[in-house]
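This report describes a model with its sequence, going from whole chains to single residues. The sequence and structure are shown first.

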Amino acid sequence: MAMINLDKILQAKFGFKTFKTGQKEILTALLAKQSTLAILPTGGGKTLIYQMMGAVRDGLVIIVTPLLSLMQDQVARLNYLGEKNVIALNSTLTFENKKNVLKHLKQYHFLFISPEMLNQEQVQISLKQVPINLMVIDEVHTMVTWGQDFRPDYLALPTIHKQLDQPQLLLLTATATPSMITAIIENFRSVPEKWFVYQQPVDRPNIFLHTEKLANEFEKKQRLKYLLQTTSGPGVVYFTSRKLATSMAEWLTSETGQRVVAYHAGMSAMARYRVQQQFMQGEIDVITATSAFGMGIDKENIRFVIHYHLSNDLSNYLQEIGRAGRDGQQSVAILLYVPGDESIQFNLIDQTIPDSYAIKSYVEQSEVTILNHEQIRLLDFYKSNQLTTVEISRIFDNRRRIRQNNLLSMINYAKSDGQLRHQISDYFGNETDGLSQTDESVGVTDWHPKELHLERKEDGKHQLKVLNWSEQLKKLFNLQ
Amino acid sequence: MITDFLITLFSSVQPRRHRVIFGLLRRRLTVSTEYWGLRYQLLPFVGLFPQLEKTTFDEQIAKLIKNGLLIEQQPNSGQLLLTDKGVVAQQEYHKHHYQLQYMPLTTQPLANVRQFREVFWLANQIISETAYHNKRYYPLQIDVKTKMLVKKWYRQTDKSHLIDNWLMALTQFLKQLDQQTANQFVATWVGHQLPGRNADQLGLPATWTATDFYLWEFDLFIFWSQTLLQSDSNSELKKLWQLTQQQQNLSPSVQLTCQQVHQGLSIATISQQRRLKIGTVREHLLTAAVWLPKTDFPYDLFLTPETLRYLQEHLAGNIDDWQFADIRTSDNPDEFFVFRLYEIYLTKQGA
């Protein structure tokens with residue numbers, strides 16, 4: 001292949017002068033036909049990579065992505081960047097729509113697809129009819145972590161990849177420990193050539209790390225209110241439940257007078273769109289979100305991310321706090337912890353991973369009473385692979401142990417008296433020598449937003465009144 | 001999301017089957033569901049909650065029973081009545097929540113209104129961005145088919161007058177609303193650097209829930225849709241609206257059966273010609289009778305004076321209490337067809 005001048009294309013087609021860290025290395029590897037695993041932080045510019053591949057090479061770019069809400073956001077983002085031939089294939093399409101898309105696959109440059117949909121035979125048959133430029137698997141850590149977001153169909157991806165005649169792979173994730181990297185690549189063992197693995201150091205020097213232990217729920221709630229009142233935004237607060245995210249948004253609005261709005265996957269697409277855009281345009285001060293919060297749209301100036309609950313492991317924690325300070329400015333990640341908080345996460349693990357009794361009842365007697373839809377799909381997957389009850393139970397036990405172990409690293413982080421940066425970098429197998437010792441603090445008394453220039457100043461911005469409709473129409477249609 | 005709203009769908013005098021109500025809200029229709037939807041005067045609500053989960057619905061019903069707001073007419077009959085306490089709760093609900101104004105009177109399939117709502121949102125956004133000559137924006141993500149409709153519509157619009165034409169159509173409608181409602185309604189729209197307001201940012205009554213907002217917004221789109229249906233305007237908005245009128249209360253197959261009956265074909269002939277079971281043709285006719293105005297269905301073809309006389313002699317009192325067994329004379333399934341058709345006929349007369 002002739003030498004491609006990546007910088008030139010970047011400028012001409014995308015209007016950027018320089019690549020973000022890692023983008024060029026990854027693109028070079030891809031153009032050299034190497035299978036690539038890239039560990040890039042959220043907002044590290046994943047989209048540009050496959051978009052660029054779409055620009056310099058023919059054929060369809062397939063992007064396997066798990067979250068419906070994220071998929072819509074990614075389509076919107078490509079639309080925003082001027083790509084029109086983008087389509088999302090997922091369960092929200094009607095049968096007729098789907099048929100239509102599959103029939104006209106050649107028209108598209110980018111196909112976002114859920115793992116479930118990709119696992120369907122007719123979809124694979126259609127994909128075999130078109131040249132494939134690149135197969136991207138987003139959130140690829142899902143294959144090995146079995147988190148809350150686990151999708152059984154992720155396990156089938158290596159087989160599907162083979163069936164599609166092994167198109168070039170780009171595996172993407174925001175976080176992966178060394179053992180995860182090995183496990184992911186091992187899944188695609190049929191890929192013969194040497195892999196290119198790109199990993200950035202996980203430490204983000206501009207994100208100050210801070211943890212606090214509170215005595216009980218009441219204190220934690222009051223503390224959150226205080227933090228919002230004293231720390232400058234915009235910010236995001238993470239909760240484990242939608243219900244709490246919603247009720248806390250109301251409470252914080254009335255207590256602080258700030259514009260606090262909930263955002264989670266249970267909202268309608270239109271409501272989510274409005275919240276995203278309001279946040280982007282500075283009409284919202286703080287978003288209360290669940291960990292499923294997938295905001296495909298980058299907001300550069302998020303100053304704080306507060307966790308009201310633990311994440312299910314440090315990988316997820318890192319991913320969530322990574323939304324802060326994309327602009328490189330001073331930001332902070334605060335974790336609030338009350339002894340016992342971890343039980344929520346332990347329960348979540350138990351809910352995701354069925355015990356041996358439930359497995360036995362289902363596999364041998366088809367009893368489904370305590371299993372959810374995803375669990376049944378997963379058990380079916382193993383059943384169809386001729387595994388015995390004992391073998392399946394062993395796999396699940398193993399997974400449960402791994403997840404519990406991962407959770408322990410999160411709990412230790414929350415409970416520890418220091419070395420926060422060290423713990424995170426160490427967990428991801430990064431060098432820990434050059435890490436800052438001062439950009440972190442532990443405990444209520446050690447939180448000094450002023451020293452970080454993050455103290456909140458009253459901006460007097462409150463919820464605006466609804467204007468007269470004819471005034472609004474003038475604004476909508478540029479008639480001032 | 002429908003939690004409290006459910007209580008409005010029950011009555012203190014007419015026992016109602018909760019399974020029928022679920023079928024109507026979710027749009028899982030059988031002829032029997034449609035018939036009872038007619039009897040309960042709940043047909044306009046068909047498809048109001050297309051995502052409704054059976055388990056959620058059942059839990060809500062169980063809760064209403066447990067709290068003493070609903071009572072089963074007979075144990076395990078699935079027929080529910082509002083208790084005195086339930087009547088009070090229903091009145092309280094009406095006081096604190098949005099009162100549907102247009103939906104109860106509409107005959108439009110809600111799926112069409114829903115699609116109109118979505119195409120409107122996107123078209124409005126496109127025009128707003130066009131007005132600012134902006135091409136870089138995040139388009140609303142709506143389903144592919146709906147997006148295609150908007151694209152198709154946009155291609156044929158007269159670009160030189162689009163904004164004026166659009167603005168005029170919007171103004172015409174908004175003027176029909178009271179000032180505050182119009183202000184709030186427009187505030188929900190998305191446009192150039194205008195993210196649109198969500199339910200809790202509009203200054204709507206504090207007692208309103210997410211369901212109220214949904215119903216309020218939907219109701220306005222029903223009204224708008226009704227206005228467009230009646231107007232002979234040739235506006236771009238009307239053209240867009242026309243593209244959304246795809247679903248009909250009667251399926252093409254049912255419509256064909258109706259046509260053939262009007263042309264004088266018998267049920268047996270239709271069945272033979274189209275290789276349909278006789279029972280299916282009868283079901284088509286019952287569905288048509290349920291949905292069509294009384295004058296549009298040829299009742300006299302099936303309810304002859306003699307039949308009517310027989311039925312009048314044997315059936316009296318509240319239609320809902322009638323038992324088919326009381327008039328049955330043979331095993332001929334046609335008898336049930338006639339019985340049910342008679343019930344529909346009387347319902348249409350206001351019985």
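Two residues are in contact if their C-beta atoms, placed from the backbone, lie within 7 Å. On that basis, 76% of the contacts in chain A between residues at least 6 apart in sequence join residues at least 24 apart. For chain B, contacts between residues at least 6 apart in sequence join residues at least 24 apart in 68% of cases. The model is a predicted one.

**The two chains**

**Where the chains meet**

In the interface, 33 residues of chain A are in contact with 35 residues of chain B. On the chain B side, the elements giving two or more residues are α5 (110–131), α6 (144–156), α7 (162–174) and α8 (179–187) of chain B. Of these, α8(B) gives the most, with 5 residues. By residue type, the side of chain B that touches chain A holds 21 nonpolar, 10 polar and 4 charged residues.

One residue of helix α7 of chain B is B:Ile163. Leaving aside residues up to four places away in sequence, B:Ile163 touches A:Phe477 as well as B:Ile127 and B:Ala131. B:Ile163 counts as partly exposed because 18 C-beta neighbours lie inside 10 Å, while a buried residue needs 20 or more. B:Thr130 is 33 residues away from B:Ile163 in sequence, and their C-alpha atoms are 8.6 Å apart in space.

**A helix pair in chain A**

Two packed helices are described by the angle between their axes and the distance between the axes. Helix α2 (residues 23–31) of chain A packs against helix α3 (residues 46–56) of chain A at an angle of about 35°, and their axes are 10 Å apart. The crossing of α2(A) past α3(A) is right-handed. From α2(A), the contact uses A:Gln23, A:Ile26, A:Leu27 and A:Leu30, and from α3(A) it uses A:Leu48, A:Ile49, A:Met52 and A:Met53. These contact residues comprise 7 nonpolar, 1 polar and no charged.

**Buried residues**

The largest nonpolar core has 54 residues. Those touching the most other members are A:Val61, A:Ile62, A:Ile63, A:Phe112, A:Val136, A:Leu170 and A:Ile184. With residues up to four places away in sequence not counted, A:Ile184 touches A:Leu37, A:Val140, A:Met143, A:Val144, A:Leu171 and A:Ala176.

Is the charged residue A:Glu320 buried or exposed? A:Glu320 is buried, because 20 other C-beta atoms lie within 10 Å. A:Glu320 belongs to helix α14 (residues 314–321) of chain A. Residues up to four places away in sequence aside, A:Glu320 touches A:Tyr238, A:Ser291, A:Val305 and A:Ser311. A:Leu27, which takes part in the contact of α2(A) with α3(A), is 293 residues from A:Glu320 along the chain, and their C-alpha atoms are separated by 26 Å.

Note on methods
Residues numbered from 1 in each chain as written. Chains lettered and ligands numbered in written order. Predicted model: local features only at pLDDT ≥ 70, side-chain atom pairs only at ≥ 80, totals over all residues. Helix = DSSP H or I, 4+ residues; strand = E, 2+ residues; numbered from the N terminus. Nonpolar A, V, L, I, M, F, W, Y, C, P; charged D, E, K, R; others polar. Axes fitted to C-alpha atoms, helices over the stretch in contact; angles between N-to-C directions. Left-handed = near helix turned anticlockwise from the far one by under 90°. Core = buried A, V, L, I, M, F, W, Y, C linked by C-beta atoms within 7 Å. Buried ≥ 20, exposed ≤ 12 C-beta atoms within 10 Å, placed from the backbone.
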